[in-house]
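I have a new structure to look through, and I am keeping notes as I go. Come along and read with me.

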Amino acid sequence: MQVIDRKKALATPPWLRLAFRPFFLGGSLLALIVVPMWLLALGGKFDWSPAGGWLAWHRHELLFGFGLAIVAGFLLTAVQTWTGQPGLTGKPLAALALLWLAGRLAWLAAAPWPMLIVLELGFPLLLAWLMGRTLWKVRQQRNYPLVGLLLLLTLVDAIAMAGLVAGNDGWQRQGVLGGLWLVAAMMGLIGGRVIPFFTQRGLGRKDMVAPWAWLDWALLGGSALVALLYAAGPALLPNVLIGMLFAVLAVGHLVRLARWHDSGLWRVPLLWSLHLAYGWLVLACAGMALWHFGVALNPSLAVHCLTIGAMAGLILAMIARVSLGHTGRPLQPPKGMALGFILLNLAGLSRILLVQVNLHAGLGVATLCWVLAFGLFVWGYAPMLLKARVDGHPG
């Protein structure tokens, strides 16, 4: 284990001391921008468009902009704890954050595609290399699958980029949907570790629910397979065999959720928010199973169960907890954060259910709830992320 240079760490600006700081804040600010801009674009409020048009920008940025920023912040922070190696900090972290930001601005400004491709694909490739290098130093094989998932995310992003350059909307959809289910695989992998652990710690229980390794690997492999089937194209059309795969994933995630349940968690916002988000993942898999079985269900509903309820829900719950722990604070979120968790779940319900009654009202309510949820996070947590730890330790 390498010893962190405390003097050097404390001389680094607080917001660059660990990756969760710039990426949690940057990703949340992007979340605040992307959804309202998409709603305004639907209403014809802009006389210009980003690369590929507003739909391409919307579906790409929520995944490879917002989602991948949070993934980067979490992984590059956690890998320090996992391996005992110093985390990315200072100027190298600033350079990585600027690369991410440059990709976002290049897409929005419809930069020439060679520049856009270099910026866009450079970020996940560099992230995979940084993770792989750190894990390899200590030969921590347990976390090698995360590097594989990051490389696959780069691959599907490349498919989306190829679709952008060729004007092929099908390729863009394949890349983004493949990426969403790779993130679902990552959610299953990380969630399977932290949700029972956080639940046990948060409720002061003596023992944590023991994982079933066979189930963990089955869910990881099944989710990765689904992602590849989307990236390659077959999953874009109803297929009974793919429906069976989704049904198995839904049951597997539900079994996990049932095993982790503890009645006491509903008193703790930092816990019930995690469990609800994982429940949305069950619904997303079940919805896709029904669609592949031929049920007259718009697959977009299942996709938004995944993107809003599961992905954004788990992100908001995780960054709310991780930010407290890594800034040396008690695990008590600021006032209003519990409301933020509720609002994000209402955003999911509005986008899934209310739009069936009134499209414009559903989209409007969903957008408002989304903005308020992430706005509450930024309001309560930005001071923590920009200032030094309250206990005086580096990080």
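**Ground rules.** I noted that this is a predicted model, where local features need pLDDT of at least 70 and side-chain atom pairs count only at pLDDT 80 or more, while totals for chains, interfaces and linings use all residues. Residues are numbered from 1 along each chain as its sequence is written, and side-chain values use heavy atoms, with hydrogens and water left out.

**The core.** I began with the largest nonpolar core, which has 137 residues. Such a core is a set of buried Ala, Val, Leu, Ile, Met, Phe, Trp, Tyr and Cys residues joined through side-chain atoms within 4.5 Å. Here buried means under 20% relative accessible area, exposed over 50%, and partly exposed in between (1.4 Å probe, protein chains only). Phe 23, Phe 66, Leu 150, Trp 181, Phe 246 and Trp 370 have the most contacts inside this core. Helix H11, residues 299-326, gives the most to this core, with 18 residues. Helices are DSSP runs (H or I, at least four residues), numbered from the N terminus.

I then asked which residues Leu 150 touches. Not counting residues up to four places away in sequence, I found Leu 68, Val 71, Leu 75, Leu 127, Ala 128, Met 131 and Met 186. Contact means heavy atoms within 4.5 Å.

**A charge inside.** Arg 321 also lies in helix H11. Arg 321 is buried yet has no salt bridge, a term for a side-chain nitrogen of Lys or Arg within 4 Å of a carboxyl oxygen of Asp or Glu. The nearest side chain of opposite charge, Asp 391, is 13 Å away (Lys and Arg count as positive, Asp and Glu as negative; His and the chain ends are not counted). Leaving out residues up to four places away in sequence, Arg 321 touches Phe 198, Leu 270 and Leu 331.

**Salt bridges.** How many salt bridges does a search of the whole structure find? I wrote down 6. In one of them, the side chains of Asp 391 and Arg 389 meet at 2.7 Å, N to O. Asp 391 is partly exposed at 35% relative accessibility, whereas Arg 389 is buried at 17%.

Glu 61 and Arg 104 meet at 2.6 Å, N to O. This pair links distant parts of the chain, with Glu 61 in helix H3 (residues 54-83) and Arg 104 in helix H4, 43 residues apart.

Arg 256 and Asp 216 meet at 2.8 Å, N to O. Arg 256 lies in helix H9 and Asp 216 in helix H8 (residues 213-232), so the pair ties together parts 40 residues apart in sequence. Arg 256 is buried at 5% relative accessibility, and Asp 216 is partly exposed at 25%.

**Two loops.** Most residues other than glycine have a negative phi. I found a positive phi of about 55° at Ala 110, in the loop between helix H4 (90-108) and helix H5 (113-137). Arg 139 has a positive phi too, near 55°, and lies in the loop between H5 and helix H6 (144-166). Ala 110 is partly exposed, with a relative accessible area of 38%, and Arg 139 is partly exposed at 46%.
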